[in-house]
Amino acid sequence: MSCLAPFKEMSILDRLLTPFVLLSMIIGVIVGEFAPGVREALDTAKLHSVSLPIAIGLIVMMWPILTKVQYEKLPSVLSTSRLWKHIGISIGLNWIIGPFLMLGLAWATLPDLPAYRAGVIMVGLARCIAMVAIWNDLARGDGDYCAILVVINGVMQIVLFAPYSVLFLNIIGGSHQEAVHVAYGDVAISVLIYLGIPLVAGIVTRYTVIFLTSKEFFNKRFLPIFSPLALLGLLYTIIVLFAYQGHRILHNLGPVFRVFVPQILYFIIMWTSTFFLIFYLSRREKSEGQVYGYEMAVVQAFTAASNNFELAIAVAISVYGVNSEQALAATIGPLTEVPVLLALTWVALYFRHKLHWASPAATNEEKQ
């Protein structure tokens with residue numbers, strides 16, 4: 001098995017994504033440092049405590065991916081025990097293991113920086129929504145199951161983010177600074193903006209194009225032209241985020257590099273442990289009916305490791321202020337997440353071919 005196989009199976013645009021991401025980061029930092037007026041411009045248009053330019057980028061990024069989802073298959077998928085097993089795994093990883101892991105890493109690495117620590121913990125509480133779909137798509141995960149888990153975690157987020165913020169920051173976290181008060185309505189609006197708008201747009205786009213043309217036209221002609229919009233939205237969002245905080249990052253390098261540590265550890269630990277847990281379960285499966293496998297390992301790993309940074313940033317800004325250390329720490333979340341999880345898509349594609357995903361029993365039956 002050649003180590004170049006993952007590279008060869010990617011489209012030209014996917015292959016160029018890594019250098020494009022790095023270039024976007026550099027451009028954003030340069031703009032943020034040498035054009036300070038950009039930060040004020042980004043702050044003028046607001047959409048629920050987050051700058052409208054950032055919101056537009058995130059919505060555009062999600063729109064093509066949610067257009068690909070085969071919603072017509074969801075009723076049959078929802079009736080399977082396979083889905084409910086993965087829902088249980090995802091909820092356990094996202095709402096029990098993930099928040100406590102980030103809490104432990106934040107305290108272990110930032111014991112003397114309480115404000116930055118609070119921002120890091122807040123990132124750990126804001127579970128997956130947006131970019132997980134990008135990473136899942138790049139790593140060839142199951143798009144339909146990914147969409148279902150993202151929606152379910154979005155609903156869980158509406159219910160749990162507010163009490164979790166109080167529990168992890170005010171009680172367990174021992175914060176003696178300004179108490180965190182997060183309203184359910186604020187979280188619900190944020191989830192509706194970043195998930196509801198692109199979800200509705202995706203459904204409308206999918207069935208309008210199919211109705212006006214055909215499913216074959218939609219799959220073979222429309223999607224190849226429309227899909228790159230997601231990656232363009234990602235690159236645009238990266239430039240805006242780095243331009244927004246580039247100046248503050250360059251002038252707070254010491255704390256910023258320390259904030260990188262718990263977040264990088266978090267993404268790597270959550271992703272690798274989840275990915276290899278699903279691999280282990282796939283090897284223990286009986287030959288009849290696959291519940292786990294590579295595609296679901298990708299879905300679960302990126303769902304567990306990704307965070308809804310837009311919600312964390314919005315809440316940090318509304319509670320602590322736009323120039324607070326908590327908001328800066330929350331903003332560093334996507335700046336860390338993007339390159340780390342992009343690298344992990346390559347790791348996933350490598351292990352797609354390197355590991356034997358079928359159970360030994362299934363492999364023996366195929367040989368017979």
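Which residues have the most contacts inside the largest nonpolar core? They are Ile134, Trp135, Phe275 and Phe302, in a core of 112 residues.

## Basis of the model

This is a predicted model, in which local features need pLDDT of at least 70 and side-chain atom pairs count only at pLDDT 80 or more, while totals for chains, interfaces and linings use all residues. Residues are numbered from 1 along each chain as its sequence is written, and side-chain values use heavy atoms, with hydrogens and water left out.

## Overall composition

The protein chain has 18 helices and 2 strands. Both are DSSP runs numbered from the N terminus: helices are H or I with at least four residues, strands are E with at least two. Of the 368 residues, 53% count as buried. Buried means under 20% relative accessible area, exposed means over 50%, and partly exposed lies in between (1.4 Å probe, protein chains only).

Contact means heavy atoms within 4.5 Å. Among contacts with a separation of 6 or more, 85% come from residues 24 or more positions apart.

## Nonpolar cores

A nonpolar core is a set of buried Ala, Val, Leu, Ile, Met, Phe, Trp, Tyr and Cys residues joined through side-chain atoms within 4.5 Å. In the core of 112 residues, the largest share, 14 residues, comes from helix H17 (residues 325-354). A second, separate core has 6 residues, including Ile210, Phe218, Phe222 and Phe226.

Ile134 touches Met61, Ile65, Ala230, Leu231 and Leu234, leaving aside residues up to four places away in sequence.

## Helix H17 and its partners

Helix H16 (residues 309-320) packs on H17 at an angle of about 170°, with the axes 8 Å apart. Axes are lines fitted to C-alpha atoms, for helices over the stretch in contact, and angles run from 0 to 180 degrees between N-to-C directions. H16 and H17 are therefore roughly antiparallel. By the cut-offs used, angles under 35 degrees are roughly parallel, over 145 roughly antiparallel, 65 to 115 roughly perpendicular, and the rest oblique. On the H16 side the contact is made by Phe309, Ala312, Ile313, Ala316, Ile317 and Tyr320; on the H17 side by Gln326, Ala327, Ala330, Thr331, Pro334 and Glu337. These residues divide into 9 nonpolar, 2 polar and 1 charged. Here Ala, Val, Leu, Ile, Met, Phe, Trp, Tyr, Cys and Pro count as nonpolar, Asp, Glu, Lys and Arg as charged, and the others, Gly among them, as polar.

The axes of H13 and H17 come within 10 Å and cross at roughly 135°, so this pair is oblique. The crossing is left-handed. A crossing is left-handed if the near helix is turned anticlockwise from the far one by less than a right angle, and right-handed if clockwise. From H13, Ile238, Leu241, Phe242, Gln245, Arg248 and Ile249 meet Glu325, Leu328, Thr331, Pro334, Leu335 and Val338 of H17. That contact has 8 nonpolar, 2 polar and 2 charged residues.

## Helices H7 and H8

H7 (residues 81-109) and H8 (residues 114-125) have axes that come within 8 Å and cross at roughly 165°; the two are therefore roughly antiparallel. Their crossing is right-handed. H7 contributes Trp95, Pro99, Met102, Leu103, Ala106 and Trp107, and H8 contributes Arg117, Val120, Ile121, Val123, Gly124 and Leu125. The division is 10 nonpolar, 1 polar and 1 charged.

## Individual positions

Tyr294 belongs to helix H15 (residues 294-305) and counts as buried because its relative accessibility is 8%. Tyr294 touches Ala139, Arg140, Phe275, Ala348, Leu349, Arg352 and Trp357, not counting residues up to four places away in sequence. Its C-alpha lies 9.0 Å from that of Asp142, 152 residues away in sequence. Arg140 sits in the loop between helix H9 (132-138) and helix H10 (143-172). Phi of Arg140 is near 65°, a positive value in a residue other than glycine, and the residue is partly exposed at 23% relative accessibility.

Leu229, in helix H13 (residues 228-250), is partly exposed with a relative accessible area of 27%. Leu229 touches Val60, Trp63 and Pro64, again not counting residues up to four places away in sequence. The C-alpha atoms of Leu229 and Pro64 are separated by 6.7 Å, at 165 residues apart along the chain. Val204 is in helix H11 (residues 184-212) and is partly exposed at 48%. Val204 and Thr67 are 137 residues apart in sequence and 8.2 Å apart from C-alpha to C-alpha.
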